[in-house]
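I opened this entry to record what I looked up in the model, going from the whole chain to a single position.

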Amino acid sequence: QLQLVESGGGLVRPGGGLKLSCAASGGTLDIYAMGWFRQAPGKEREAVSCISSKGGDTYYLDSVKERFTISRDNAKNTVYLQMDSLEPEDTAIYYCAAEWVGLNRNYFSTHPREYNYWGQGTQVTVSS
């Protein structure tokens with residue numbers, strides 16, 4: 001059973017940055033695509049960024065392009081989300097999730113229902 005633990009959230013002023021980490025245990029991440037999702041109060045959970053199992057393909061929500069960067073280190077069983085130039089609209093709980101893809105190295109989904117494992121979430125608040 002894969003377990004995911006996020007860290008790195010917090011309170012930051014507009015224009016600031018945070019780096020989220022997602023550490024996995026109980027399995028190896030190199031057979032999983034990984035995604036960062038967020039959910040703000042009263043809104044649906046949405047995919048912020050996703051990365052294929054080997055890291056060769058990525059997705060970014062339009063509103064975070066050029067500001068967020070997803071990366072992964074399979075040797076460390078960890079996925080990262082570097083968030084720069086944060087805006088109040090980025091305020092949400094951020095979740096890390098894993099989607100089993102086996103040998104399909106270039107595939108990932110942006111639909112939450114396709115993901116098999118989820119972390120507990122970390123709060124990101126952007127406010128002055």
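**Notebook: chain, then one residue**

I looked at contacts first, contact meaning heavy atoms within 4.5 Å: in the protein chain, among contacts between residues at least 6 apart in sequence, 61% join residues at least 24 apart.

I noted that this is a predicted model, in which local features need pLDDT of at least 70 and side-chain atom pairs count only at pLDDT 80 or more, while totals for chains, interfaces and linings use all residues. Residues are numbered from 1 along each chain as its sequence is written, and side-chain values use heavy atoms, with hydrogens and water left out.

I then looked up secondary structure, taken as DSSP runs numbered from the N terminus (helices H or I of at least four residues, strands E of at least two), and found 0 helices and 11 strands in the protein chain. The radius of gyration, taken over C-alpha atoms, is set against a globule rule of 2.2 Å times the number of residues to the power 0.38; the chain's value is 14 Å, close to the 14 Å that the rule gives for 128 residues, so the chain is as compact as a globular protein of that length. I recorded a C-alpha trace spanning about 45 × 30 × 25 Å along its principal axes.

Last, I turned to Ser71, which lies in strand E7 (residues 68–73). Ser71 is partly exposed, with a relative accessible area of 30%, on a scale where buried is under 20%, exposed over 50% and partly exposed in between (1.4 Å probe, protein chains only). Leaving aside neighbours within four places in sequence, I found Ser71 in contact with Ile51, Val79 and Tyr80.
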